[in-house]
Amino acid sequence: MSPLGLTFVGVAFDDSAAAAREWIDASDPRPTFPMLLDREHLLGELYGIYNVPTVIWIDEDDRIARSPLIAPGDDMFRDFTNVDSSVHHDQLRAWVATGALPPATEKVQVMLPTDDEQLARLERRVGAFLAREGNSDAAEPHFARAAELAPMDWTIRRGTMPLRGDDPFGEKFFAFMEEWTAAGLPGYGSADPDAPS
Amino acid sequence: MNVLTFLDAEHGPRPIVGTTSDDRMLLDPSSVAELTGWVLKPEGLCHGDVCVPVRDPQLTVDGAIDAAHFAGALGRPVVVDAAAGVVAIGERSAERRGPIEAGVASDFTLPQVAGGTFTFSSLGRRKKLLLAWSSW
């Protein structure tokens with residue numbers, strides 16, 4: 001996409017450069033654009049990101065052209081979320097070429113930060129710091145509190161799993177998925193107008 | 001006074017001078033000023049030309065600033081773990097909501113996985129795609 005004047009910036013909501021690097025090294029082709037590490041989930045706060053992978057379109061005037069939406073980079077993700085990445089890619093090409101934005105869709109549920117969400121982020125941040133320092137016992141009450149305050153935030157519910165010794169692809173994750181689905185998929189925004197809502 | 005940890009979204013963990021007493025974290029005022037830009041004056045808590053009057057008698061203890069009451073005076077969310085020596089202060093939800101609702105893309109500086117740091121605004125005027133991802 002770069003030749004068309006679109007610049008990518010990748011931001012990993014990971015706890016270490018090593019964790020991010022493992023995935024970057026395994027990517028084919030390797031990303032040639034800036035790849036950043038956001039251990040404190042600063043961008044989660046600045047852009048209202050509650051799940052990954054999420055893309056945000058930003059125009060030349062530094063305006064958010066399009067709210068955060070789940071946009072898989074390849075079709076492996078489609079099987080899991082039933083979203084077709086080619087729809088997003090076509091929309092991107094149109095935006096780069098003409099500046100045109102796709103019609104707004106009611107299926108995008110925009111989540112805006114609340115006081116509880118902000119506190120949850122702090123609790124996660126403290127827990128993650130303590131866990132990274134090897135103090136899991138001190139970290140755990142903070143992770144639990146974060147989950148209570150922001151139960152529908154994937155960056156908290158799933159994002160803390162590696163540091164809590166839980167498998168992000170295991171039982172606890174699927175239990176959370178059921179909970180999130182039952183709540184009506186809050187925060188789920190897809191580029192595909194035919195994606196499930 | 002000991003070296004404790006001050007956590008915020010923009011900077012991550014940084015050392016701060018203070019002590020803990022039961023559940024309270026009491027911070028050295030010059031350390032607070034250095035890390036946050038907030039200075040305690042007779043007028044109240046001041047950041048540059050802006051001063052917030054403080055009527056909370058529990059804000060200071062023997063000249064040290066109580067972390068939780070400091071955040072409270074500024075209306076900011078706070079988490080204090082005195083036993084672990086960590087305090088995290090955040091932005092009010094309204095502060096974060098503002099730019100998002102107005103459609104303004106905030107600038108930021110973050111470490112690069114490959115080393116060094118990167119400032120988003122260094123990209124200049126162009127269309128950008130921010131891709132948030134993770135190994136989980």
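In which hand does H5(A) cross H6(A)? The crossing in which H5(A) passes H6(A) is left-handed. The structure is a predicted model. In the contact, chain A contributes 65 residues and chain B contributes 45 residues, and H5(A) gives the most to the chain A side, with 11 residues.

**Chain A: overall make-up**

- Chain A holds nine helices and four strands.
- Along the sequence, the elements of chain A follow the pattern β-α-β-α-β-β-α-α-α-α-α-α-α.
- Chain A has 197 residues, of which 41% count as buried.
- Taking the contacts in chain A between residues at least 6 apart in sequence, 57% join residues at least 24 apart.

**The helix pair H5(A) and H6(A)**

- Helix H6 of chain A spans residues 136–149, and its axis comes within 8 Å of the axis of H5(A), with a crossing angle of roughly 160°.
- That angle makes the two helices, H5(A) and H6(A), roughly antiparallel, because the cut-off for that class is an angle over 145 degrees.
- On the H5(A) side, the residues in contact include Asp116(A), Leu119(A), Glu123(A), Arg124(A) and Leu130(A).
- On the H6(A) side, they include Ser136(A), His142(A), Phe143(A), Arg145(A) and Leu149(A).
- By class, this contact between H5(A) and H6(A) has 10 nonpolar, three polar and four charged residues.

**Contact between chains A and B**

- The contact draws 65 residues from chain A and 45 residues from chain B.
- On the chain A side, the elements that give two or more residues are the strands S1 (6–12), S2 (35–37) and S3 (54–58), together with the helices H1 (17–26), H2 (42–47), H5 (115–132) and H8 (161–164).
- The side of chain A that touches chain B is made up of 39 nonpolar, nine polar and 17 charged residues.
- Strand pairing also crosses the chain boundary: S1(A) runs parallel to S13(B), joined by seven bridges.
- Within that pairing, Val11(A) is opposite Ala132(B).
- S13(B), residues 127–133, also pairs with S3(A), here in the antiparallel sense over five bridges.

- Seven strands of chain B form an open sheet with mixed pairing, in the order S7-S8-S3-S2-S1-S10-S9.
- S7 (60–61) and S9 (78–81) of chain B are the edge strands, and each pairs on one side only.
- S1 of chain B (residues 2–8) and S10 of chain B (residues 86–89) run parallel and are joined by three bridges.
- In that pair of strands, Leu7(B) is opposite Ala88(B).
- H5(A) packs on this sheet and touches S1, S2, S9 and S10 of chain B, its direction making about 145° with that of S10(B).
- Helix H1 of chain B (residues 29–36) also packs on the sheet, where it touches S1, S2, S3 and S8 (64–66) of chain B.
- The direction of this helix, H1 of chain B, makes about 160° with that of S2(B).

**Backbone details and burial**

- As background, most residues other than glycine have a negative phi, and most peptide bonds are trans.
- The peptide bond from Val52(A) to Pro53(A) is cis, with omega near 0°.
- Pro53(A) belongs to the loop between H2 and S3 of chain A.
- His41(A), a residue other than glycine, has a positive phi, near 55°.
- His41(A) sits in the loop between S2 and H2 of chain A, and is buried because 23 other C-beta atoms lie within 10 Å.
- Asp22(B), also not a glycine, has a positive phi of about 55°.
- Asp22(B) is placed in the loop between S2 (12–21) and S3 (24–27) of chain B, and is exposed because it has 7 other C-beta atoms within 10 Å.
- Gly187(A) is in the segment after helix H9 (171–182) of chain A.
- Gly187(A) counts as buried because it has 22 C-beta neighbours inside 10 Å.
- Met111(A) is 76 residues from Gly187(A) in sequence, yet the C-alpha to C-alpha distance is 5.5 Å.

Notes
Residues numbered from 1 in each chain as written. Chains lettered and ligands numbered in written order. Predicted model: local features only at pLDDT ≥ 70, side-chain atom pairs only at ≥ 80, totals over all residues. Contact = placed C-beta atoms within 7 Å. Nonpolar A, V, L, I, M, F, W, Y, C, P; charged D, E, K, R; others polar. Pairing = 2+ DSSP bridges. Buried ≥ 20, exposed ≤ 12 C-beta atoms within 10 Å, placed from the backbone. Axes fitted to C-alpha atoms, helices over the stretch in contact; angles between N-to-C directions. Parallel < 35°, antiparallel > 145°, perpendicular 65-115°, else oblique. Left-handed = near helix turned anticlockwise from the far one by under 90°.
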